Amino acid sequence: MLSLRSVSKTYKKEMITALDAVSFDVRKGELVGLLGPNGAGKTTLVKIVSGLIIPDRGEIMIDQMVFNKENRYKIMAKLGVVLEGARNLYWSLPVWDNYFYFGSLKGKTNKEIKERIEQLEALLPTSVWKKRMVRSLSLGEKQRVAIMCALLHSPSLLLLDEPSNGLDIESRSILVSLLRNLRSSLQVTTLITSHDVDFLRRIVDRFVIISHGKIVKEVINDNLSTEEIEAVYLQSISD
């Protein structure tokens, strides 16, 4: 579903190499966690895959299409993206207005958007807030609304950037259950970035560990404990 080959990005003004020849794959239906410390290049990678940043070098393929000018809009129609802090929402609009606005941007009619909301409500209940301004919601509530917006057009690939950041224990637990339910019910291929080992351990099939812009290790999540994964993670980023 997603393939990256030697993807590199340097911010020339700051002279920072955010990504250095990054290569890895995410198979269809897989839920992969991109694990790394702050500043490792996780957010830059999500922005490149979602088309917000152009890489300096390398190739990205999504659903067997090369991400280039010719395929850009076809590929973006297949993506659902939630940026860190739910920044892909309009906080000055009510929840329901966000749904119809973002759904219409993806070419959906009001009838189609309403039907999709009804379908997702069983997995992702948000109707209780539909008249509330997004800015009045808690961070955990904003995160759920942002995920709903990202799923309205039935994307093939879902990108979640640091979704657990700033969440309290209850909201974090709700998010874990939500992502498990979405995975089992919708089978959406998902890439999640985080520096939270325990959060990722509870939901992903595989870890891709990134440090200083480079992929340093891939680990299958085969009933590993948090302590075991942390040990592998710390060893990988220190090598």
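This is a predicted model: local features need pLDDT of at least 70, side-chain atom pairs count only at pLDDT 80 or more; totals for chains, interfaces and linings use all residues.
User: How many bridges join β1 and β4?

Analyst: β1 and β4 (residues 57-62) are joined in the antiparallel sense over 5 bridges. To find your place in that pairing, look at leucine 4, which stands opposite isoleucine 60 in β4.

User: Now a single residue. Is serine 3 buried or exposed?

Analyst: The general idea is to compare the relative accessible area with a cut-off: under 20% counts as buried. Serine 3 has 17%, so it is buried. It belongs to strand β1 (residues 2-11).

User: With which side chain does the side chain of serine 3 make a polar contact?

Analyst: Its partner is the side chain of aspartate 25, at 2.8 Å. Beyond its neighbours within four places in sequence, serine 3 is in contact with Phe24, Asp25, Glu59, Ile60 and Met61.

User: What about leucine 19: where does it lie, and what does it touch?

Analyst: Leucine 19 lies in strand β2 and counts as buried, at 1% relative accessibility. Setting aside residues up to four places away in sequence, leucine 19 touches Val7, Ser8, Lys9, Gly41, Thr44, Leu45, Ile48, Ile210 and Gly213.

User: Let's turn to helices. How many residues does α6 have, and how far does it reach?

Analyst: α6 has 18 residues and reaches 25 Å from its first C-alpha to its last, close to the 26 Å expected at 1.5 Å a residue.

User: Which residues of α6 are buried, and why are they on the same side?

Analyst: Here is the general idea: an α-helix has 3.6 residues a turn, so residues three or four places apart point the same way. In α6 the buried residues are Ser171, Arg172, Leu175, Val176, Leu178, Leu179 and Leu182. They cover an arc of only 165° around the axis, which puts them on the same side of α6.

User: What covers that buried side, and which exposed residues are on the face turned away from it?

Analyst: The cover over the buried residues includes α5 (139-151), β7 (157-161), β8 and α7 (197-201). On the face turned away, you will find the exposed residues Ile169, Glu170 and Ser184.

User: What caps the N-terminal end of α6?

Analyst: Aspartate 168 does: one of its side-chain oxygens lies 3.3 Å from the backbone nitrogen of glutamate 170.

User: And what should I look for just after α6?

Analyst: Check the backbone there. Most residues other than glycine have a negative phi. Just after α6, though, glutamine 187 takes a positive phi of about 55°. Glutamine 187 sits in the loop between α6 (169-186) and β8 (189-194), and counts as partly exposed at 47% relative accessibility.

User: Where does asparagine 223 lie, and what is its phi?

Analyst: Asparagine 223 lies in the loop between β10 (214-220) and α8 (226-238). Its phi is near 55°, a positive value in a residue other than glycine. With a relative accessible area of 75%, asparagine 223 is exposed.

Definitions and conventions. Residues are numbered from 1 along each chain as its sequence is written. Side-chain values use heavy atoms; hydrogens and water are left out. Helices (H or I, at least four residues) and strands (E, at least two) are DSSP runs, numbered from the N terminus. Buried means under 20% relative accessible area, exposed over 50%, partly exposed in between (1.4 Å probe, protein chains only). A polar contact is a pair of N or O atoms within 3.5 Å; within protein, one must be able to donate a hydrogen and the other to accept it, and residues adjacent in sequence count only if both atoms are side-chain atoms. Contact means heavy atoms within 4.5 Å. Two strands pair if DSSP finds at least two bridges between them. The expected span of a helix is 1.5 Å times one less than its number of residues. The arc is that of the directions from the helix axis to the C-beta atoms.
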